Amino acid sequence: MENVTPKAPLISIVMPAYNAEHTIELALRSIRMQTIADQIEILVIDGGSTDATREIARQYGAVILENPHRLPEPAKLIGIQRAKGRYIIEQDTDEELLFPDQLEKRLSLLRAYPEVHLVVVDEQAPGRLGGVATRYVCVCGDPFTQFIYTRKNGVLDTFRRNIAEQQGDFCLLKFAPGDLTPIGDGGASLFDLEWIKQQFPQDWNSISFVCSMAQQVQTKSGCCGCIRGDNIHHHTRATFSGYLAKLRFRVINNLFHKEESGFSARASQQPRSRYSSRKYLFVLYAATLVGPLVDSIRLALHHKDATMLLHFVYVYYTCLCIAWYLLRALLGRPPENKTYGK
């Protein structure tokens, strides 16, 4: 496929990658089908793939950047540093845009609401490659996030009280200091990189900022945008064992690599919000036994999916990981995260 990227793109897609040959073409094809494809550059930041990931990326005109750390957080920083567009989108290799005018509509929202510098996706729907944990990943993310947010079908449903204004499908969400805000780091969110560099001249060029960028943008601007129906397909395989490995990875990062952890980075930006206060309640929530079981049944009924009953398993596994790795730290044997989700 011929490279259609212009010399001065309007949007830069930042896409961390590692051995993603089974899904990356879906993601790239959804970008190249956009009505504004000629204004988009694609940066694939590869962590040393040994499959056809790079070859597929080149076929879609992507620029290949090297990620010696393999993990997605350093990859995002590398991509943001090299991005030429005014706007950036953090899109994973298993995330597929659904409509040709999807990104064009986001630009229209930014024109409708000049105070907005972040547009978040409304919902993530399971893709065709899903495993037993796929719907749980799309809806909840992880058990700790679900406990903090009590997430529902999507952003507009979860944060309906924060919708300050609507123009058709365009929604302006506003937040007071200390409010929880949508998790927009990754998930094909669109950021105003030019504004970010102006507002955070000393901080934007760091991994810790990248891990909490959506939180910081929303805290600084007091708002974000979301379009009803602006959804993506998340083609994560999310097998049971694979998802447990990802939970283990997140626990280690939150405990020992806080600058590279989404939750810890967000909590540090709002020390008096529910990010910080509710983390101590999570273990108590698990200890009740009843709470996770009731939530498992509620989730399964609401989403009409029996796989959501595994919520209580994920809760207890997360707590066991926290206890185990804290014990290892006390014994002077802290773990290392070598590969994301492995």
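## Basis of the model

Because the structure is predicted, local features need pLDDT of at least 70 and side-chain atom pairs count only at pLDDT 80 or more, whereas totals for chains, interfaces and linings use all residues. Residues are numbered from 1 along each chain as its sequence is written, and side-chain values use heavy atoms, with hydrogens and water left out.

An open sheet with mixed pairing is formed by 9 strands in the order 3-2-1-4-10-6-11-9-8; strands here are DSSP runs of E with at least two residues, numbered, like the helices (H or I, at least four residues), from the N terminus, and two strands pair if DSSP finds at least two bridges between them. Strand 3 (63-66) and strand 8 (163-167) each have a single partner strand, so one side of each is left without a neighbour in the sheet. Neighbouring strands of this sheet are turned by 25° against each other on average, direction ignored, where axes are lines fitted to C-alpha atoms, for helices over the stretch in contact, and angles run from 0 to 180 degrees between N-to-C directions.

Within this order, strand 6 (residues 118-120) and strand 10 (residues 189-192) run antiparallel and are joined by 2 bridges, with V119 having L190 of strand 10 as its bridge partner.

## Helix 3 against the sheet

Helix 3 lies across strand 1 (11-17), strand 2 (40-46), strand 3 and strand 4 (87-90), running at about 155° to strand 1; contact means heavy atoms within 4.5 Å. In this helix (residues 72-82), 9 of its 11 residues are buried, that is, under 20% relative accessible area, against over 50% for exposed and in between for partly exposed, with a 1.4 Å probe and protein chains only. The buried residues include P72, E73, L77 and I80.

Strand 5 and strand 12 (residues 232-234) run antiparallel and are joined by 3 bridges, and E96 stands opposite H233 in strand 12.

## Cysteines

A search of the whole structure finds 0 disulfides, a disulfide being a pair of cysteine sulfur atoms within 2.5 Å. For C226, the nearest cysteine sulfur is that of C171, 6.6 Å away, and C226 counts as buried at 0% relative accessibility. The sulfur of C321 is 9.4 Å from the closest cysteine sulfur, in C319, too far for a bond, and C321 is buried with a relative accessible area of 6%.
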